[in-house]
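Please keep the sequence and the model in view while reading.

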Amino acid sequence: MTKEEIKNMKFERASHVVLTSHINQIFKESIPVNWGEKDPKKRGPVIATISEKENRNAIGSHSGSYTVYRALSIAKGDFPADHKPDLENTHATSMIGPHDSWKNSDSLVSIDPWGGHVQDIFKEEIKSGLNIKPTIAVTQARLQLPEIYDAIEKGRLKPDGKIITENGDVAVTKVALEPVWYLPGIAKRLKVSEGELRKILFNETGGMFPELVTRPDLKVLLPPIGSSTAYVFGDVNKLADPSVELSCRVHDECNGSDVFGSDICTCRPYLTYGIEHAAKTAQNGGVGLVVYFRKEGRALGEVTKFLVYNARKRQEGGDSAANYFKRTECVAGVEDARFQELMPDILHYFGVKKIHNLHSMSNMKYDAIVGSGIEVVNRISIPDELIPGDANVEMEAKKAAGYYTEGDIKDTSDLKDVQGRKLEE
Ligand SMILES: [Zn+2]
């Protein structure tokens, strides 16, 4: 198709807007999704592509928040609106599952467990013209991290030519997972009615998806949020074997620290220490798992996060551990909006039953994991020498608020003495 033809098609589409609440849009012919059904053929594919709207059986669209960029691309005339992906050779580098958890509509409500293997499972349906897209992709990679080179230099890690190459690269399996929400299951998890959840989702997105309120028959939503990524060290399918030692870090995105090395928090040190331990466990015959969730600034966003930093540092008496959580709540309305209730789904996707070493000091994460039926043996916090100077405010505040620690906890009067750097320093 030429660029001109694409552009013409675009205008044709734009002039014929049919609201999703319109009676003609209620397609009774689309393949139903029977969430939790153990046979993937009977479960049915999740169809959230925009081409051939009559086949859609889900609300929302693929690629999470990037769906908006796709729209811009189509508007500009760069992207053919009727594009169907050619999935040849895209299949997963490792077969994951199926695990018992996949058949339980309560334990997996935010991931489509079959979403990584649609190329094989729904081969005929795709061949017959249905536009079915994977929501999970599995590939192989190598990591090159300065912290890992440093751990090798200090003798904490040793290259083995397999998990860690002679030049210090770490071999991993990378799994990208798009959120696919089964609304009745999410409602149950959050202890609200499905109707109430749908109404609030509709309102809080500025009415982005009318089907949330007009199509109660559609139970699956692909929300416009970031995806998650799992980095697996060692054999992916060993994650499901409770007798194999598992070291795990469930990490929430922090662009400032993770990418740019900003020293106000401990996020990157936690992440890289988690990777170090995960690689080491895999070298010893176990398996490592590091999960990265796109939940910037405790899922409040980076703008809110930076406002809080300023408010913390400008308050009377300076930035102190004593007022750490109070300032977040004043600006954001809530201390933390991460809702760890959905986080364990990714662990259940891999069939995890037991975590031998959990790298986290967060009780919210720990409670969510244990509450979902996964056993946790040891909780690991990072060594003191890995904590950046300005991050001591966060560390001491968290420990005093009941976050897990192996070390001493400061009492309220001492917390005032844990001070962060001033804005002008
Ligand atoms: Zn951080």
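Helices and strands are here DSSP runs, numbered from the N terminus: a helix is a run of H or I of at least four residues, and a strand a run of E of at least two. The model is predicted, and local features need pLDDT of at least 70, side-chain atom pairs count only at pLDDT 80 or more, and totals for chains, interfaces and linings use all residues. Residues are numbered from 1 along each chain as its sequence is written.

The protein chain has 18 helices and 10 strands. A residue is termed buried if 20 or more other C-beta atoms lie within 10 Å of its own, exposed if 12 or fewer do, and partly exposed in between, with C-beta atoms placed from the backbone. By this criterion, 40% of the 425 residues are buried. Two residues are in contact if their C-beta atoms, placed from the backbone, lie within 7 Å. Among contacts with a separation of 6 or more, 70% involve residues 24 or more positions apart.

Helix α13 spans residues 302-314. Its 13 residues reach 18 Å from the first C-alpha to the last, close to the 18 Å expected at 1.5 Å a residue; the expected span is 1.5 Å times one less than the number of residues. The buried residues of α13 are Lys305, Val308, Tyr309, Arg312 and Lys313. They lie on the same side of α13, because they cover an arc of only 125° around the axis, the arc being that of the directions from the helix axis to the C-beta atoms. The face turned away from this buried side carries the exposed residues Val303 and Arg314. The cover over the buried residues of α13 includes α12 (296-299) and α14 (324-332).

How do α13 and α14 pack, and at what angle? Their axes are 9 Å apart, at an angle of about 130°; axes are lines fitted to C-alpha atoms, for helices over the stretch in contact, and angles run from 0 to 180 degrees between N-to-C directions. Angles under 35 degrees count as roughly parallel, over 145 as roughly antiparallel, 65 to 115 as roughly perpendicular and the rest as oblique. The two helices α13 and α14 are therefore oblique to each other. On the α13 side, the contact is made by Thr304, Leu307, Val308, Ala311 and Arg312; on the α14 side, by Arg327, Thr328, Cys330, Val331 and Ala332.

Leu183, Pro184, Ile186, Ala187 and Leu190 of α7 meet Glu194, Leu197 and Arg198 of α8 in the contact.

Serine 63, in the loop between β1 (59-60) and α3, has a positive phi near 75° although it is a residue other than glycine. With 16 C-beta neighbours inside 10 Å, serine 63 counts as partly exposed. Asparagine 89 lies in the loop between α3 and α4 and has a positive phi of about 65°; asparagine 89 is exposed, with 6 other C-beta atoms within 10 Å. Proline 98 is also found in the loop between α3 (67-76) and α4 (118-121), and a cis peptide bond with omega of about 0° joins glycine 97 to proline 98.
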